[in-house]
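User: I am new to reading protein models, and I would like to go through one slowly, question by question. Could you help me with the one shown here?

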Amino acid sequence: MNFRQSLKILLTGTISIAALSLGATTASATNDDANYFEGCSNPDTSGFKFKIHYNSGQNGAYRYIGYAVYNFDAIDVTDGNPQGVPLKFCVTGGSAPAPGSGQRIKNNAASAENFHYKYMARVYFSSGYKGAQDVMGPGQHIDQFRNVYNENASFQWTS
C-alpha cells in the first residue's frame with residue numbers, strides 16, 4: 001500500500017467518524033426534551049442542583065433541574081415548536097424502568113431534593129410560579145410534597 005492509498009483510507013475513516021458524531025448531535029438536539037438541562041446527568045458534573053422525583057421518599061424516576069421552569073409542560077427549546085415541549089422524568093432502571101420513567105413532570109412529582117449550598121428551591125402548584133408551594137432550604141429534601149403532591153407546575157430558585 002502506498003502513501004496515497006493510506007492517506008485516502010485515513011481521511012475516509014475520519015470523515016465517517018465525524019459524520020456519525022454530527023448525526024448523533026443533531027438527533028439528540030431534536031429529541032424533544034431528552035437533553036434539556038442535561039437533566040439526567042449527575043449534578044456533580046452537570047451543576048444542576050435540584051432533583052425532582054416521581055415517587056415519595058426520593059424514589060422512582062427523577063430529573064435534575066438547574067434553572068427556573070415557568071411551566072413544566074411547555075419548555076422552550078429550539079425545536080421549532082412555539083408551544084414548547086413537556087419536561088419529563090429521565091428513563092432510568094435499564095431493562096426494568098423505574099416508576100415514572102419518561103412521564104411528564106407536571107402534576108406527577110411527589111418528592112424532591114435541593115443540593116444547592118445557597119439558594120432555596122420552590123415547587124409551585126401552578127405555572128408561572130403561582131399558587132401553593134413547597135420550599136426546600138439549601139441542602140434540604142422533602143420526602144412527600146405537602147402542598148404540591150402530584151399537582152406541581154413550575155419551579156424556581158430564590159434567595
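Predicted model: local features only at pLDDT ≥ 70, side-chain atom pairs only at ≥ 80, totals over all residues.

User: In what order do the 3 strands of the open sheet lie?

Analyst: Strands are DSSP runs of E with at least two residues, helices are runs of H or I with at least four, and both are numbered from the N terminus. Two strands pair if DSSP finds at least two bridges between them. The pairing in this open sheet is antiparallel, and the order of its strands is β5-β4-β7. The edge strands, each pairing on one side only, are β5 (130-136) and β7 (154-158).

User: Which residue in β5 stands opposite Y124?

Analyst: Strand β4 covers residues 120-126 and runs antiparallel to β5, with 5 bridges joining the two. Within β5, the residue that stands opposite Y124 is Q133.

User: Is A121 buried or exposed?

Analyst: A121 lies in strand β4, and, leaving aside its neighbours within four places in sequence, it is in contact (heavy atoms within 4.5 Å) with residues including F50, D134, V135, F155 and W157. The C-alpha atoms of A121 and K51 are separated by 9.9 Å, although the two residues are 70 apart along the chain. Buried means under 20% relative accessible area, exposed means over 50%, and partly exposed lies in between, using a 1.4 Å probe and protein chains only. Because its relative accessibility is 0%, A121 counts as buried.

User: Which residue in the turn between β1 and β2 has a positive phi?

Analyst: Strand β1 (residues 50-55) pairs with β2 in the antiparallel sense over 5 bridges, and N55 has N59 as its bridge partner in β2. The two strands form a hairpin with 3 residues between them, and the turn residue with a positive phi, of about 65°, is G57.

User: What is the bridge partner of I52 in β3?

Analyst: Strand β1 also runs antiparallel to β3, and 4 bridges join them. In β3, the bridge partner of I52 is A112.

User: Which two residues meet in a salt bridge?

Analyst: A salt bridge is a side-chain nitrogen of Lys or Arg within 4 Å of a carboxyl oxygen of Asp or Glu, and by this rule the count comes to 1. The N to O distance is 3.2 Å, and the side chains that meet are those of D73 and R104. Both residues are in the loop between β2 (59-65) and β3 (111-114), 31 residues apart. With relative accessible areas of 25% for D73 and 42% for R104, each is partly exposed, and the pair asked for is D73 and R104.

Definitions and conventions:
Residues numbered from 1 in each chain as written. Heavy atoms only, no water.
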